[in-house]
Every structure is written in structure tokens, then in C-alpha cells.
Amino acid sequence: MNQFDLIRVIPKAELHVHIEGTFEPELMFKIAQRNQIEIPYKSVDEIKQAYNFHNLQSFLDIYYAGANVLIQEQDFYDLAWAYFEKCAEDNVVHSEIFFDPQTHTDRGVAFDTVILGLKRACDDALEKLGISSHLIMCFLRHLSEDSAFETLKQALPHKEHIIGVGLDSSEVGHPPAKFERVFAQAKAEGFLTVAHAGEEGPPEYIWEALDLLQVNRIDHGVRSEEDAQLMQRLINEKMPLTVCPLSNLKLCVVEDMSQHNIRRLLQKGVHVTVNSDDPSYFGGYMNDNFIAITQALNLTNDEIKTLAINSFEASFISTEQKKLYIDQVNNLFQ
Ligand code: ADE
Ligand code: ZN
């Protein structure tokens, strides 16, 4: 089997995808019409032309604007369902999905509306597509600590449907330290923790995510390579990095895919995984990310296998479930 056939058939978990970042222009138009909301684009093509980013912030401005058309529970259901259909195409059998409640609650949409729509799609994905999932609630780091505490409070009645909390949005200038107390409370409430760190921000932010937020995984973390001591710690602790290659390319974190460090990180022994981040905005879902790095970096079948196994090992599913999925991966190589 060549690498590209393997990418198609190998089971994988996705651990870093923002549900608002899976919003395809066609669905955005449909929901905008349904909710009678004006969007500043005349066509799907015009939307796609706006997807020309030079850094994280230039993307976030457009991403938050797109999310404005999401109002009803059904909108959140449709958004998540469309993503699960992409998972089925890519043989993503488990996904841990970020959502940004403040993007919606700040516009007057109730927390319950968001979570109920997403949860219903997760239930249907399991029943109809056999895809398991978890939801991870992210705090927007450009907003205040108070706002994060308020969001945590709103999440408590839905605790059974939210496995963890995360930290996203504009990284530079908003270090993990700003949310140390919120994360401590979230942990005390039983949530697992992850945080975006080292995407555009320096290695110091990764240290803070580890030491102050006590995260279970680092989202992105590609700048860890600049700090040898940090690299050693990540390797020693088998700390997963959820790397998003097409995102890094589109947001100019790397100039060219041939310069991406994911293969080097893997070879040095860091527990890296492949993910799509905001696939509708960055030009591709899970398999497109695998294909892009395989073409640019010449990944071997063995490396693709390790990346798939890493995705299950780094996930928040039970040990038994991990074994079932990893056995499926190994069976492909019998
Ligand atoms: N929100 C959605 N995508 C993001 C990313 N790549 N970094 C930070 N915040 C985000
Ligand atoms: Zn992200």
C-alpha cells in the first residue's frame, strides 16, 4: 500500500478542531438566509477569496464574523453534523471538538442552545456513523478572566457533556498565566485541560501551560523546538502536541510545508498528532493535512502509522477504547 492509500484507510482520532472553524461557506449562506442575517459577501466564491490570511489575528477576525449567523440550536446541530460527515469520509473514528461559547453568549445566544445542538449531533454521529466524540469548551484568551469564570459557571449544569476546557484565540499578549485561577477551578470541577500554546507565542507560553494550567495536551506547540530544555520535558512526559499543518501554513507560522517541523518533532520523540484546526478556512480536513505533510516531508508508512496511534493514545477515551482503535490500526499491517 502506498502512503496515500494508507492515509485514506487508516483509522484516526482528531484532537484539535474548532467546530466554528468547520463552517463551510455553503452552509454559512444557508443558515444566514434561514436566520435572515446579512453577511458581507455576495457569493461562496467571494467568501473563499476573503480567506487570505497573514497571521492568526487576520483569520480570527473573519472566523468570528462567520460565527455570527449561528443562532438556533438547529444551526449548531447542522454545523457539527456537516463536520461528522467529513470525519466519515476521512475515516476519523473519534473526535474531540472545541467550541467557543463566548463567541455565541456575547451575542445573546444561550449557552444551552449551543451545547444542546452540538450534543445532539454528537449523539447522532455515534448512532448513525459510528463516530465517537467529546466536547471541549475553550475560553477566549483575549477576553477577561471574569468572563472565563462566568463561562465556566454556565458550563457546570452541562458538565457530563463537556470533557475538558481549553484556551484559544489571540495568543500573543494573552499568556496562559492570565487563566491560572480559572483552570484551577475547572480542574477542581473535574474537567481535563488543554491550551493553545506555542502557535505564534513563545516557548515560555508552553512552559506556563504545563506548569500553571497543568494541561493534559498542548495545542500546536510547534515553537517548542526553539527550547531544548522544553523539548526534553515534552519527551520525558510524553506530552502530546496537537499539530495542525495546513493551519500553520495558512497563518504563516511556516513559510512552506517543506519547512514544517512535524516530522522532526516525531523523529526526536515528541508525541505529535495531526489535526485540522479550522478546516473550512485552511483548505482541508484530516486527510488533506496528512497528504500535505506526506507530500512535503516524504513521510513513510511507519510514520503515518505512528501518527495515527499517537492520536488515540493522546485522546481522552478509555484505555479499553484506545486498545480497540489501536488494534484496528495494527491489523492493517498484518
Ligand atoms: N481559534 C480557532 N482557531 C484557532 C487557532 N488556530 N489558534 C487560536 N485560536 C483559534
Ligand atoms: Zn486551534
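This is a predicted model: local features need pLDDT of at least 70, side-chain atom pairs count only at pLDDT 80 or more; totals for chains, interfaces and linings use all residues.
Helix 10 (residues 203-211) and helix 11 (residues 228-236) have axes that come within 10 Å and cross at roughly 35°. The crossing of helix 10 and helix 11 is left-handed. Helix 10 contributes Pro203, Ile206, Trp207, Leu210 and Asp211 to the contact, while Gln229, Leu230, Arg233 and Leu234 come from helix 11. Sorted by class, the residues in this contact of helix 10 with helix 11 are six nonpolar, one polar and two charged.

Aromatic side chains come next, with 14 aromatic pairs found in a search of the whole structure. In one of these, the ring centres of phenylalanine 53 and phenylalanine 282 are 6.2 Å apart; the planes stand at 85°, so the pair is edge-to-face. The two partners are 229 residues apart, and the pair links distant parts of the chain. Phenylalanine 53 belongs to the loop between helix 3 (44-50) and helix 4 (56-67), whereas phenylalanine 282 is in helix 14 (residues 279-282). Phenylalanine 53 has a relative accessible area of 7% and is therefore buried; phenylalanine 282 is also buried, at 1% relative accessibility. A tilted pair is formed by tyrosine 83 and phenylalanine 84, with 5.7 Å from centre to centre and 45° between the planes. Here too both partners are buried, tyrosine 83 with a relative accessible area of 1% and phenylalanine 84 with 0%.

Phenylalanine 53 and phenylalanine 282 also take part in one aromatic cluster, together with Tyr51, Phe59, Tyr63, Tyr64 and Tyr281. Rings meet charges as well. The charged end of arginine 120 is placed over the ring of tyrosine 77, at 4.3 Å from the ring centre.

Alanine 314 is found in the loop between helix 16 (301-313) and helix 17 (319-331), and its relative accessibility of 5% makes it buried. Beyond its neighbours within four places in sequence, alanine 314 is in contact with Leu15, Arg217, Pro240, His271 and Thr273. Between the C-alpha atoms of alanine 314 and leucine 266, which are 48 residues apart along the chain, the separation is 14 Å. Valine 272 is part of strand 8 (residues 271-274) and is buried, at 0% relative accessibility. When residues up to four places away in sequence are not counted, valine 272 touches Leu241, Val243, Ile262, Leu265, Leu266, Leu307 and Asn310. The C-alpha atom of valine 272 is 9.6 Å from that of valine 222, although these residues are 50 residues apart along the chain.

Backbone angles provide a last point of interest. Most residues other than glycine have a negative phi. Against that background, histidine 220 has a positive phi near 75°, and cysteine 252 has a positive phi near 60°. Histidine 220 lies in strand 6 (residues 217-220) and is buried, with a relative accessible area of 0%. Cysteine 252, in turn, sits in the loop between helix 12 (245-250) and helix 13 (262-268), and is partly exposed, with a relative accessible area of 46%.

Definitions and conventions:
Residues are numbered from 1 along each chain as its sequence is written. Chains are lettered from A and ligands numbered from 1 in the order in which they are written. Side-chain values use heavy atoms; hydrogens and water are left out. Axes are lines fitted to C-alpha atoms, for helices over the stretch in contact, and angles run from 0 to 180 degrees between N-to-C directions. Helices (H or I, at least four residues) and strands (E, at least two) are DSSP runs, numbered from the N terminus. A crossing is left-handed if the near helix is turned anticlockwise from the far one by less than a right angle, and right-handed if clockwise. Contact means heavy atoms within 4.5 Å. Ala, Val, Leu, Ile, Met, Phe, Trp, Tyr, Cys and Pro count as nonpolar, Asp, Glu, Lys and Arg as charged, and the others, Gly among them, as polar. Rings of Phe, Tyr and Trp (its six-membered ring) pair if their centres lie within 6.5 Å; planes under 30 degrees apart count as stacked, over 60 as edge-to-face and the rest as tilted. Buried means under 20% relative accessible area, exposed over 50%, partly exposed in between (1.4 Å probe, protein chains only). A charge sits over a ring if NZ of Lys or CZ of Arg is within 6 Å of the ring centre and within 35 degrees of the ring normal.
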